[in-house]
Amino acid sequence: MTETKVTPAPDDLAKSVAEAAKAGKKGPPPVHLWNPPFCGDLDIRIARNGQWFYLGSPIGREPLVRLFASVLKKEGDRHFLVTPVEKIGIVVEDAPFVAVDFEVEGKGKGQVLTFRTNVGDETVAGPENPIRVERDAETGEPSPYVHVRRGLEALIDRKSYYRLVEAGEVEEAAGRRMFGLRSSGAFFPFCPAEEVGL
């Protein structure tokens, strides 16, 4: 089945999304409650570094990016912009968000990590919002992610990742000594402890 490309004017799309976003009042709109019909794909792409593109050109208006980000929905491996009456497919190269900073409160088992994304979301890592690390099969390069909301993740940027490593600790997990992070009572293993010389 061939999916169609739709090209609504950016201002029309923004108006539609803004009206839908009002339904969220405080916090993100309740896109998990919306199940509109699929209207086709739109030439919007979110690059791995978090930059949004429309018709191949960067979207430079941060309020517009934040507005679109507020109505993102993930179904299976696909991402959509959703309003109560339409669902539009977009391309996400990696994760839809980038975690650009974080704060640490407490120590040891009481430690809590709060991440901030490039679109203004804050997420507290823990059982509901886990941290995970993917390894590149060829290079072994780690890519760390934190869950933000409803299946949407943020790629943790490199500077934050290096700071996280400094806050890491070793713990037994699945019968192995693992190096990882603790937040909100949960331990998130990154790699075997021997890989980091511990």
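# Notebook: strand pairings, rings and a pocket

I looked up Leu181 and found that its bridge partner in strand 16 is Phe188. I take helices (H or I, at least four residues) and strands (E, at least two) as DSSP runs numbered from the N terminus, and I count two strands as paired if DSSP finds at least two bridges between them.

I note that this is a predicted model, in which local features need pLDDT of at least 70 and side-chain atom pairs count only at pLDDT 80 or more, while totals for chains, interfaces and linings use all residues. Residues are numbered from 1 along each chain as its sequence is written, and side-chain values use heavy atoms, with hydrogens and water left out.

**Entry: strands 14, 15 and 16**

I followed strand 16 (residues 186-192) back to strand 15 and found six bridges between them, in the antiparallel sense. A further pair across these two strands is Arg182, which stands opposite Phe187 in strand 16. On the other pairing, strand 14 (residues 169-173) runs antiparallel to strand 15 over five bridges, and here Glu171 stands opposite Met178 in strand 15.

I then read the open sheet as a whole: it has three strands in the order 14-15-16, with antiparallel pairing. Strand 14 and strand 16 are its edge strands, each pairing on one side only, and the twist averages 55 degrees from one strand to the next. For this angle I used axes that are lines fitted to C-alpha atoms (for helices over the stretch in contact), with angles from 0 to 180 degrees between N-to-C directions.

Is strand 15 buried or exposed for the most part? Six of the eight residues of strand 15 (residues 176-183) are buried, so the strand is largely enclosed by the rest of the structure. My cut-offs are under 20% relative accessible area for buried, over 50% for exposed and partly exposed in between, with a 1.4 Å probe and protein chains only.

I also checked the turns. The hairpin of strand 14 and strand 15 has two residues between the strands, and Ala174 takes a positive phi near 55 degrees there; in the hairpin of strand 15 and strand 16, again with two residues between the strands, Ser184 has a positive phi near 55 degrees.

I traced a second open sheet, of six strands in the order 10-9-8-13-12-11, and its pairing is mixed. Strand 10 (122-124) and strand 11 (131-135) stand at the edges with a single partner strand each, so one side of each lacks a neighbour in the sheet. The twist here averages 40 degrees from one strand to the next. Strand 11 is joined to strand 12 by five bridges in the antiparallel sense, and Ile131 stands opposite Val146 in strand 12.

In the loop between strand 12 and strand 13 I came upon Arg150, which has a positive phi of about 45 degrees although it is not a glycine; at 32% relative accessibility, Arg150 counts as partly exposed.

**Entry: rings**

How many aromatic pairs does a search of the whole structure find? I found five aromatic pairs, taking rings of Phe, Tyr and Trp (its six-membered ring) as paired if their centres lie within 6.5 Å, with planes under 30 degrees apart stacked, over 60 edge-to-face and the rest tilted. One of them is Phe38 with Phe80, edge-to-face at 6.0 Å centre to centre and 85 degrees between the planes. The pair links distant parts of the chain, since Phe38 is in strand 2 (residues 38-46) and Phe80 in strand 6 (residues 78-82), 42 residues apart. Phe80 is buried at 6%, whereas Phe38, at 33% relative accessibility, is partly exposed.

I also looked for charges over rings (NZ of Lys or CZ of Arg within 6 Å of the ring centre and within 35 degrees of the ring normal). The charged end of Arg45 sits over the ring of Phe53, 4.2 Å from its centre, and that of Arg132 sits over the ring of Tyr145 at 4.4 Å.

**Entry: the largest pocket**

I recorded a volume of about 190 Å³ for the largest pocket, and its lining includes Arg48, Glu141, Asp157, Tyr161 and Tyr162. A pocket is here an open set of points on a 1 Å grid over the protein atoms alone where a 1.4 Å probe fits, with protein on both sides within 12 Å along at least five of seven lines, and lining residues have an atom within 4 Å of a point; grid points are joined across faces, edges and corners, and the volume is the space filled by probe spheres set on them.
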